[in-house]
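Have the viewer open as you read.

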Amino acid sequence: MVNLKYALFWILPLISASTWLAMLLAMFIVWELQGSPHYVSMEPNQRIAYISDIGAQELQPLFIAGASVTTIFLDLSFAAERWLRHTGRLAKNMGNAEKGLSALSIFFAVGGTCGLILLSIFDTVSHSKLHNGFLLLFIAGYIISAIFICAEYQRLGVHFRQHRVLRASFWMKLFFIIVEVLLAAVFIGTSFTSHRSIGAVLEWIIALIFTFYVLTFFVDLLPASRNHQSTANIEMGHVNAATAEHGNGIAVNAGHGYDGAGSGQQPKPPTAQNY
């Protein structure tokens, strides 16, 4: 069953991803419908417009609004993930190192947020140097943030090996890091040379891949909305199986909950919802 109290959290990355994707599609479609105009910010031999070229024209208000909503709701997803781990609705951080990695991922995500919002405000026509600097801040901020959150999930996976969501999210985010780093390197190389049309295509691809990165947080947050007791029963099965192998004498009464044989106490089931 779904716990509606926690169901709102996984909506945050959906709002972020849908806003970002809708903004990109709207900008590209408008540019196509206008006859693929050659803007003043484009090089003479450039045939494909950068997102920033389109965003520096009459669609700049859309660019600013879309960038702001996307990154703010993504940062809220980071904060929600941290809070749900702190409260035990998701697999809890087992030490200060994991909490530190989580804090660093949020810090660099906020840096990426500032970069995207500021580059949408300081357009490539009037503030080209500032715009390029904020673009690098946006890309670097979210890639570094993803590296730290991958490191956190790797450590969590050591303690919660039965949680398939952690493994799936780790590999999805690692894929994002590898692909985005490779594409970003080629993007920078082509954007500052005579191959700006290739650079523009790569920018659109990088932006679309960013959509799927945002959606990985939907995967992270969804387990928190699942019924607490049903998940606890599943996880307690893992605990009982493991302890039985070591002769601890813990018995599970399938019809009446948990029984701590020999201790006179009922063991408390784990509360983390990732599985």
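Pro13 counts as buried, because its relative accessibility is 0% and buried means under 20% relative accessible area, with exposed over 50% and partly exposed in between (1.4 Å probe, protein chains only). Pro13 is found in helix α2; helices here are DSSP runs of H or I with at least four residues, strands are E runs with at least two, and both are numbered from the N terminus. Leaving aside neighbours within four places in sequence, Pro13 is in contact with Ser77, Val214, Leu215, Phe217, Phe218 and Leu221, where contact means heavy atoms within 4.5 Å. The C-alpha atoms of Pro13 and Asp220 are separated by 9.9 Å, though the two residues are 207 apart along the chain.

A word on the source: this is a predicted model, in which local features need pLDDT of at least 70 and side-chain atom pairs count only at pLDDT 80 or more, while totals for chains, interfaces and linings use all residues. Residues are numbered from 1 along each chain as its sequence is written, and side-chain values use heavy atoms, with hydrogens and water left out.

**The chain as a whole**

The protein chain has 9 helices and 2 strands, and from the N terminus on they run α-α-α-α-α-α-α-α-α-β-β. Of its 275 residues, 45% count as buried. Take the contacts in the chain with a separation of 6 or more: 77% of them are between residues 24 or more positions apart.

Leu208 is found in helix α8. With a relative accessible area of 37%, Leu208 is partly exposed. Leu208 touches Leu21 and Leu24, not counting residues up to four places away in sequence.

Arg85 lies in helix α4, residues 60-87. Is this arginine, Arg85, buried or exposed? Arg85 counts as buried, because its relative accessibility is 1%. The side chains of Arg85 and Glu81 are joined by a polar contact of 2.5 Å. (A polar contact is a pair of N or O atoms within 3.5 Å; within protein, one must be able to donate a hydrogen and the other to accept it, and residues adjacent in sequence count only if both atoms are side-chain atoms.)

Ser36 lies in the loop between α2 and α3. Ser36 has a positive phi of about 50 degrees although it is not a glycine. Most residues other than glycine have a negative phi. Ser36 is partly exposed, with a relative accessible area of 30%.

**The nonpolar cores**

The largest nonpolar core has 50 residues, and those with the most contacts inside it are Ile54, Phe138, Phe210 and Tyr213. Such a core is a set of buried Ala, Val, Leu, Ile, Met, Phe, Trp, Tyr and Cys residues joined through side-chain atoms within 4.5 Å. Two or more residues come from each of α2 (11-33), α3, α4, α5, α6, α7 and α8, and α6 gives the largest share, 11 residues. Apart from this core lies another, of 7 residues, among them Leu12, Leu84, Leu90 and Ala224.

A search of the whole structure finds 1 cavity of 30 Å³ or more. On a 1 Å grid over the protein atoms alone, a cavity is a set of points where a 1.4 Å probe fits but cannot get out, and a pocket is an open set with protein on both sides within 12 Å along at least five of seven lines; lining residues have an atom within 4 Å of a point. Grid points are joined across faces, edges and corners, and a volume is the space filled by probe spheres set on the points.

| Space | Volume | Closest to the centre |
|---|---|---|
| Largest cavity | about 240 Å³ | Leu135, Phe138, Ile139, Ile206 and Ala207 |
| Largest pocket | about 310 Å³ | Thr124, His131, Asn132, Phe192 and Arg196 |

The lining of the largest cavity divides into 15 nonpolar, 1 polar and 2 charged residues, and that of the largest pocket into 6 nonpolar, 7 polar and 3 charged. Here Ala, Val, Leu, Ile, Met, Phe, Trp, Tyr, Cys and Pro count as nonpolar, Asp, Glu, Lys and Arg as charged, and the others, Gly among them, as polar. Helix α6 supplies the largest share of the cavity lining, 5 residues, and also the largest share of the pocket lining, 5 residues.
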